[in-house]
Amino acid sequence: MANPIKQLVRAGMAATLPRRRFMVSGPRSGNAVCLTFDDGPDPEHTPRLLDVLREHGAKVTFFMIGREVEKYPHIVRRAIDEGHAVGGHSFTHGDPTRTTGRQLADEAERTEQLFEKVLGRRVSLFRPPHGKLTALKMWHLWKGGQSVVLWNVDPKDYMCSSPRELTDRLNTRDLAGGDVVLLHDNVRHTVDAMPEVLEGLRGRGLSFVTADSWVKPVMQSCGRGSYAVAAADAGGRVLALGGMVRLMECATL
Ligand SMILES: [Zn+2]
């Protein structure tokens, strides 16, 4: 699954683009990690997770599917009331290979409008299903005002057969400040593992922040880094696009 070329493109994009547009990981200077939970809200497991997070005083970020937000708006409200962040994760979680850039942006907007109805404001954070993007999709999402958030740590919680397996996977990883961890709040053993995972991470001196706090303070990094990257493949097109967007951002400072 770990395709080295894709990883390289992703790392290049993360280095080239401002975090407000595209984030894979946060600042390395602190000791905070960002736990993210996709594919909810789930009527059974998300409330259980919120209970655990409250007990442990940990704040996380949920990337929610619009269709589920529509069904369980009270869970979205509760997550926000308890200090967590939420973002969109498309409306239908459709197959990325069958979804055009315009469709993806339309689904992001439809989910935004639901958040607006439920929370009284837009959230403007978005994670595409399976983290799959193209230059065109990215462009459509940016036009819609979305900050695109991926991740740099994937313990593959949905493949674990028990809470213990997930705890072990996370405990043996060298997690550090700035890491964005991908998890799922519709997976029973992920929620079951959380008390021990949270204690383990705390025991290693790490704290927890929400993705929006890393996305918002943006543009200080303008003036550093590379602005123009030319390459022939799709990844290169994204990088060149990223360079242009970065220039635009810097010009508006
Ligand atoms: Zn998903």
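This is a predicted model: local features need pLDDT of at least 70, side-chain atom pairs count only at pLDDT 80 or more; totals for chains, interfaces and linings use all residues.
Colleague: Why is K216 called exposed?

Modeller: Let's count together! K216 has 11 other C-beta atoms within 10 Å. A residue is exposed at 12 or fewer such atoms, buried at 20 or more and partly exposed in between, with C-beta atoms placed from the backbone. The count of 11 falls under the exposed limit, so K216 is exposed.

Colleague: How far apart are K216 and S147 in sequence and in space?

Modeller: They are separated by 69 residues in sequence, and their C-alpha atoms are 9.2 Å apart.

Colleague: How many of the residues of strand β7 are buried, and why is the strand called largely enclosed?

Modeller: Four of the five residues in β7 (residues 180–184) are buried, so the rest of the structure largely encloses this strand. For the whole chain of 253 residues, 42% count as buried.

Colleague: Which residue of β3 is the bridge partner of T36?

Modeller: In β3, that partner is T61. β2 (residues 32–38) and β3 pair in the parallel sense, with three bridges.

Colleague: How do you know that both faces of β3 are covered?

Modeller: Look at each side of β3 (residues 61–64) in turn. T61 and F63 on one side are buried, and so are F62 and M64 on the other.

Colleague: Now the helices. Why are α2 and α8 called roughly parallel?

Modeller: Packed helices are described by the angle between their axes and the distance between the axes. Axes are lines fitted to C-alpha atoms over the stretch in contact, and angles run from 0 to 180 degrees between N-to-C directions. For α2 (residues 45–56) and α8 (residues 188–203), the axes come within 9 Å and cross at roughly 5°. Angles under 35 degrees count as roughly parallel, over 145 as roughly antiparallel, 65 to 115 as roughly perpendicular and the rest as oblique. The two helices are therefore roughly parallel.

Colleague: Which residues of α2 and α8 meet?

Modeller: H45, R48, L49, V52 and H56 of α2 meet R188, V191, M194, P195 and L198 of α8. Two residues are in contact if their C-beta atoms, placed from the backbone, lie within 7 Å. By class, this contact has six nonpolar, two polar and two charged residues. Ala, Val, Leu, Ile, Met, Phe, Trp, Tyr, Cys and Pro count as nonpolar, Asp, Glu, Lys and Arg as charged, and the others, Gly among them, as polar.

Colleague: At what angle do α5 and α6 pack?

Modeller: α5 (residues 101–119) and α6 (residues 135–143) pack at about 35°, with axes 8 Å apart. Their crossing is right-handed, the term used when the near helix is turned clockwise from the far one by less than a right angle, with anticlockwise being left-handed.

Terms used: Residues are numbered from 1 along each chain as its sequence is written. Two strands pair if DSSP finds at least two bridges between them.
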